Amino acid sequence: MRSGNPALKEDTFLDLHSGTVVGRNAQAMSLNGTVNKTGLLLLLAVLTAAFSWHASFDATGQLLPAATLYLYGGLIGGLILALITIFKQQWAPVTAPLYALVEGLFLGTVSAMYEARFDGIVLQAVILTFGTLLALLAAYRSGLIRPTENFKLGVVAATGGIALVYLATIVLGFFDINIPYIHESGLIGIGFSLFVVVIAALNLVLDFDFIESGVDAGAPKYMEWYAAFGLMVTLVWLYLEFLRLLSKLQSRD
């Protein structure tokens, strides 16, 4: 039960005191319930994303001051709600929908910014994200991809390495220092983005396996919300990485 997603770690379904699988309170977690709640979270995110998309620009296409509020408010608010959900899993039925709403504000503004520079890029990124989700889900359900322990370890290690690179980028940015090549539109930058997209996509496989393990273990019903939240975290990451990759490719045209 290993996942590169920080929201879906090894002890997610364990009681912190006894170390055993969290018991059923009324109903057990189900796969259909998790899928339904994932769909609801995505719908909530799309609604607020559509709002911030249209509210970020005026009729002439100029960026409005409100865009900054939606961008950083959504980013910081989403991070806070994500941390609360991770540490208070029982609150997921409330915090997960709130996370989706707040994260949608961030995604809508970011998407509008990318679309203003690269026409059609958002639709391409959305198609690629959900196409990847469906393709990997089909491969996982058919048994074509089965996450072995070595597979899981490799994906988790690569995910951690990417996180360190992004953290270093943020920290060095405060000192006006840029990591060369990987964030540019050259071949190295495109290759790096392709690698990150692949790792983000493989995290979906680990998430599928982790959710299935929770269902088999008979985790309580609220874990459907928590699992849906974890899966959405990976989808948001994958979508943003597709935007970055497509923008690098279009910058070379």
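A residue is called buried when its relative accessible area is under 20%, exposed when over 50%, and partly exposed in between, using a 1.4 Å probe and protein chains only. Keep that in mind as we walk through this predicted model, where local features need pLDDT of at least 70, side-chain atom pairs count only at pLDDT 80 or more, and totals for chains, interfaces and linings use all residues. Residues are numbered from 1 along each chain as its sequence is written, and side-chain values use heavy atoms, leaving out hydrogens and water.

Let's look at the aromatic rings. The structure holds five aromatic pairs; rings of Phe, Tyr and Trp (its six-membered ring) pair if their centres lie within 6.5 Å, with planes under 30 degrees apart counted as stacked, over 60 as edge-to-face and the rest as tilted. One of these pairs is Tyr140 with Phe208: the centres are 5.9 Å apart and the planes meet at 50°, so the pair is tilted. Tyr140 sits in helix α4 (residues 121-142) and Phe208 in helix α6 (residues 187-217), so the pair ties together parts 68 residues apart in sequence. Helices here are DSSP runs (H or I, at least four residues), numbered from the N terminus. Tyr140 is buried at 2% relative accessible area, and Phe208 is buried at 8%.

Now find Tyr226 and Phe229, whose ring centres lie 5.9 Å apart with planes at 50°, so this pair is tilted. Both belong to helix α7 (residues 223-251), three residues apart, about one helical turn. Tyr226 is buried at 0% relative accessible area, and Phe229 is buried at 1%. Together with Tyr99, they form one aromatic cluster.

Technical notes. Helix = DSSP H or I, 4+ residues; strand = E, 2+ residues; numbered from the N terminus.
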